[in-house]
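Please keep the sequence and the model in view while reading.

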Amino acid sequence: MATPNKKNHDRPTTGHSWDGIEEFDNPMPRWWLWTFYATIIWAVVYWILFPAWPLVRGATAGVLGYSSRADVAAEIAAADQANQVWYDQLMATDVTEIAANPELERFAVNAGAAVFRAQCSQCHGAGANGLRPGSGFPNLLDDEWMWGGTMEDIVQTVTYGIRNTDFPDARYSEMPSFGRDGLLTPAEIDQVVNHVLAISGQAHDNALAAAGEQVFLDNCASCHMDDGSGDPFVGAPALNNAIWLYGGSADEIRASVHNARFGIMPGFTGRLPDAQIRAVAAYVHQLGGGQ
Amino acid sequence: MSSSENYEPQLYAKREPVFPRRVKGSFRTLKWWLMALMLGVYYITPWIRWDRGPDLSDQAVLVDLANRRFFFFMVEIWPHEFYFVAGLLIMAGIGLFLFTSALGRVWCGYACPQTVWTDLYILVERWVEGDRNARLRLYRQPWGAEKIRKYGTKWFLWLLIGLATGGAWVFYFTDAPTLLRDLVTFDAHPVAYGTIAFLTATTFLFGGFFREQVCIYGCPWPRIQAAMMDEDTITISYREWRGEPRGKQRKGEAEGSHGDCIDCMACVNVCPMGIDIRDDQQLACITCGLCIDACNDVMDKIGKPRDLIGYMALTDETRERAGNPPKSIWKHVFRPRTIVYTTLWAGIGLGLLVALFLRTDIDMSISPIRNPTYVTLSNGSIRNTYDIRLRNMNENARQFYLTVADNPSITLTMEGVQGQLVTVGPDEQLIQRVYLTASAGTPAAAAATTPVRLWVSVTGETDRIYGETVFNGSGQR
C-alpha cells in the first residue's frame with residue numbers, strides 16, 4: 001500500500017537475489033511436512049496390505065488377501081440371492097397371473113429383458129422385430145403369432161422351441177415344397193399366388209386368382225384355413241393380412257410355395273432356469289403383441 | 001536486507017499458537033448476535049415441520065437423497081428441476097462477489113463457518129482457562145494436574161460441540177425425530193454414525209487446532225478475493241499517518257513527537273489470526289473487526305479520537321492523508337462493479353422465482369422407441385411405441401389423461417391399461433408404454449415422419465402440458 005512497511009524490511013529472505021528482486025522466506029507449516037511423511041508411510045503400509053507390485057504373473061497379493069474379482073463375485077452372488085426370492089415367486093405364480101402383480105411383473109420384465117438380449121436377440125433382433133421385414137425371423141411386436149401369443153403359448157415355445165428334434169414337445173409342422181416336389185404345376189402355383197395376393201389385399205390378376213381359389217382350398221386350406229387366416233395350432237401363418245415372414249410380393253410368395261419355408265428355434269429348457277424362461281416370456285408378452 | 005546475511009532459510013516452520021484476548025465493542029457485539037443467529041438457524045431448521053399430507057415427509061427442509069427429492073417449505077424440487085439448485089449456487093457465488101467487492105472479506109470475518117465455530121471454540125477456551133494471559137501461562141506450563149484438568153475439560157467441551165455440529169448435519173437428510181430416536185437407541189444407519197463421527201472430528205480439529213491455518217493454507221477464497229476488490233472496497237485499515245511514529249509518550253519528549261498509536265499491542269492481542277493489522281491489509285486478515293473494537297477502547301482511554309484502525313477504502317487513504325474528508329460509504333458501495341453484480345444477482349433470482357411460480361406439478365418426458373421405428377400390424381396399420389415418463393409432483397395420487405392432438409388418423413393406446421387414463425401415485429413417477437397407431441393408408445402411416453403432440457391433463461384439474469415427438473410412418477416403401 002502507501003508507504004513501504006518498515007516491518008517488511010526486517011523479514012528474512014531466502015538470500016536469493018535476481019536483479020535485485022529478493023524472495024521472502026515463507027516457510028511451510030511443519031505439520032504439512034508430517035502429512036507428507038504420513039502419506040509415504042501409508043503407501044508402504046498399503047503395499048504390504050493390498051495387491052500392489054506388478055510381477056511377471058499377477059501382482060503381489062497383500063497380506064489382507066483382498067481381490068477385486070472376489071468382490072465382484074461376492075456382489076454377483078448377493079444379487080443372485082436377492083433375485084432368487086423373486087424367481088421363486090415367479091415359479092409359484094401361474095403364468096397368467098404374473099401381470100396381476102405389478103411388482104412381480106416389473107421384476108419379470110426387467111429380468112426377461114436381460115435374458116432376451118443374451119439369448120434371443122441374435123435372431124429376433126435387439127428390438128424383437130425379427131431383424132427386418134421378410135427376414136424369416138418372426139417379429140414379436142406385432143399382433144400375429146404363428147404359434148399363439150398368450151403367456152402359456154410363449155412359455156411353451158421358449159421352453160421346447162420350434163421344429164427341433166431335441167424335445168418331443170417341440171412345436172412341429174412342415175409345409176410341403178409344392179413346386180420342387182412336383183405337387184403343383186407352375187401354372188397352378190401362379191394361380192394360388194394370385195389368390196393369396198387377392199386375400200391379402202394386394203394387386204393381383206383376377207382370372208388367375210379366381211382359378212387359384214380351388215387350388216388353395218385343395219392344397220393349403222387344411223393348415224392355412226379356407227379364408228387364409230392361418231392356424232396357430234399347427235404354426236400356419238395367416239396369409240390374409242399385411243404381415244409376411246418371408247416377404248409378401250408375388251415373387252416372394254411364389255418362392256415360398258415352390259420351396260416351402262420354415263424356421264427352427266432351439267428349446268431353452270435345460271439351458272435356462274425355468275424362472276428365466278417365464279421372465280423372458282413375460283418380457284415378450286408386454287412388448288405390444290401379447291394376447 | 002541485513003537480516004538475510006546471517007540467516008539460514010527455513011523450509012518449514014512450527015505454528016505459532018494464537019491466544020486472542022477478550023474484547024468488547026460494537027463489532028464484537030455484532031459478531032455475538034450473528035453467531036447466535038447462524039447457529040440457531042443451523043440447529044433449529046431440521047426440526048421445523050411442514051404439513052404435506054400423509055404420503056410425504058412433514059419436515060420443512062429436507063434433502064431426501066434416497067428418494068431424490070429436495071423439500072424447502074412449500075417448494076419441492078425433483079431431480080429434473082436441478083437448475084433451481086444450480087441457479088441458487090450461482091446466486092450464492094455472485095452474492096459473494098458483491099459483498100467482497102463492496103465490503104472486502106466480510107464473509108470470512110462474520111459468516112464463514114470456520115470463523116463462527118473457531119469463535120465459539122475460543123469462547124469455550126476462555127471459559128475454561130481464562131483470558132489471554134492465563135492461557136499463555138497454562139500453555140507454557142509443563143504438564144501437570146491443572147493443565148491436564150483444564151485441557152481435558154476444554155477438549156471434552158469442544159468434542160461435545162463437534163458432536164452437536166455433526167449431529168445436526170445428518171438431520172437435514174432424513175426425518176429428524178425418527179433419526180434422533182434411532183441414534184440414541186443405536187438403530188440408525190452406519191452412514192449416519194460415520195457422518196457424525198467425521199464432522200465431529202473435522203469440527204474438533206479445525207475449530208480447536210487448525211483455526212487460522214485453514215484460512216491461510218487451506219481456503220481458496222483468500223486467493224480469489226483479490227480479483228473482487230478494488231480501491232473503493234471498504235476494508236479494515238490502520239491510519240498509519242495518524243498513528244506513526246508509534247510509541248508511548250515518555251518524560252522529556254516533546255508533545256507530538258509520537259503518533260496516536262501507543263504501541264499497546266491491543267489490536268495484535270485480540271486478533272484470532274495472530275497478525276498485526278498495522279502491517280496493513282494482508283492475506284491472513286479475515287476482517288473480523290475485533291482490532292477496531294480493541295483500538296477504539298484504548299483510544300477512548302487515552303482521550304484520542306476513535307478509528308485509528310477502522311473500515312475505510314483505499315481511495316480514502318490519500319484523501320485523509322491530504323487532510324480531506326473521506327468519501328461517504330454509500331459512494332464507495334454504489335459503483336458500476338457492485339451495480340453489475342447486484343443486477344446479475346437479482347436477475348437470476350427473479351428468473352428463478354418466475355420459473356418457480358410458472359411450473360406445473362405434472363411433467364412428462366417422451367422417449368420414442370427407435371428399434372424398430374415402427375411396426376406393421378396385421379390390418380396394415382402402422383404402430384409407433386413411446387416410453388412416457390409421467391411425473392406426479394403432488395402429494396395426492398392422480399389420474400393422468402393422455403391424448404394425441406389434432407391428428408384424427410392416429411389413435412393412442414397404452415400397454416396394460418384400458419382407455420387413456422393412468423394413475424400415478426403421490427409424489428411418484430411412472431414409465432408408461434404408449435402406442436400410437438395410424439390406420440393403413442392415412443397420411444401419417446404413409447409419410448416418413450409426422451410431428452405429433454401429446455397432451456397430458458389431470459382429472460378434475462385445469463393444468464395440462466404437452467410434449468412434442470415424431471411419428472414414423474412406412475415412408476416411401
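Pro372(B) lies in the loop that runs between β7 (362–368) and β8 (375–376) of chain B, where helices (H or I, at least four residues) and strands (E, at least two) are DSSP runs numbered from the N terminus. The peptide bond that joins Asn371(B) to Pro372(B) is cis, with omega about 0 degrees. The model is a predicted one, in which local features need pLDDT of at least 70, side-chain atom pairs count only at pLDDT 80 or more, and totals for chains, interfaces and linings use all residues. Residues are numbered from 1 along each chain as its sequence is written, while chains are lettered from A and ligands numbered from 1 in the order in which they are written.

A cis bond also links Glu244(B) to Pro245(B), with omega near -10 degrees. Pro245(B) is placed in the loop between α11 (240–243) and α12 (266–269) of chain B.

Two arginines of chain B have a positive phi, as the table shows.

| Residue | Phi | Loop of chain B |
|---|---|---|
| Arg68(B) | about 55 degrees | between β2 (61–64) and β3 (69–72) |
| Arg211(B) | about 40 degrees | between α8 (190–210) and α9 (212–218) |

A residue is buried if 20 or more other C-beta atoms lie within 10 Å of its own, exposed if 12 or fewer, and partly exposed in between, with C-beta atoms placed from the backbone. Arg211(B) is buried because 24 other C-beta atoms lie within 10 Å, and Arg68(B) counts as partly exposed because it has 13 C-beta neighbours inside 10 Å.

Arg211(B) and Ile122(B) are 89 residues apart along the chain, yet their C-alpha atoms are separated by 9.8 Å. Ile122(B) belongs to helix α4 of chain B and is partly exposed, with 19 other C-beta atoms within 10 Å. Residues up to four places away in sequence aside, Ile122(B) touches Pro20(B) and Pro272(B); contact requires C-beta atoms, placed from the backbone, to lie within 7 Å.

Helix α4 (residues 113–129) of chain B also meets helix α1 (residues 26–44) of chain B: their axes come within 11 Å and cross at roughly 110 degrees. The two helices are therefore roughly perpendicular, a description used for angles of 65 to 115 degrees. Lys31(B), Met35(B) and Met38(B) of α1(B) make this contact with Val116(B), Asp119(B) and Leu120(B) of α4(B).

The largest nonpolar core has 49 residues, and Ala108(A), Ala279(A), Val280(A), Ala281(A) and Val284(A) touch the most other members. Such a core is a set of buried Ala, Val, Leu, Ile, Met, Phe, Trp, Tyr and Cys residues joined through C-beta atoms within 7 Å. Elements of both chains give two or more residues to this core, including α4 (102–119) and α11 (274–285) of chain A and β9 (382–392) of chain B. The most, 7 residues, comes from α11(A). Beyond its neighbours within four places in sequence, Ala281(A) is in contact with Val95(A), Met151(A), Ile154(A), Val155(A) and Val158(A).

The contact between the chains takes 31 residues from chain A and 29 residues from chain B. On the side of chain A that touches chain B, β1(A) supplies the largest share, 3 residues.

Technical notes
Two residues are in contact if their C-beta atoms, placed from the backbone, lie within 7 Å. Axes are lines fitted to C-alpha atoms, for helices over the stretch in contact, and angles run from 0 to 180 degrees between N-to-C directions. Angles under 35 degrees count as roughly parallel, over 145 as roughly antiparallel, 65 to 115 as roughly perpendicular and the rest as oblique.
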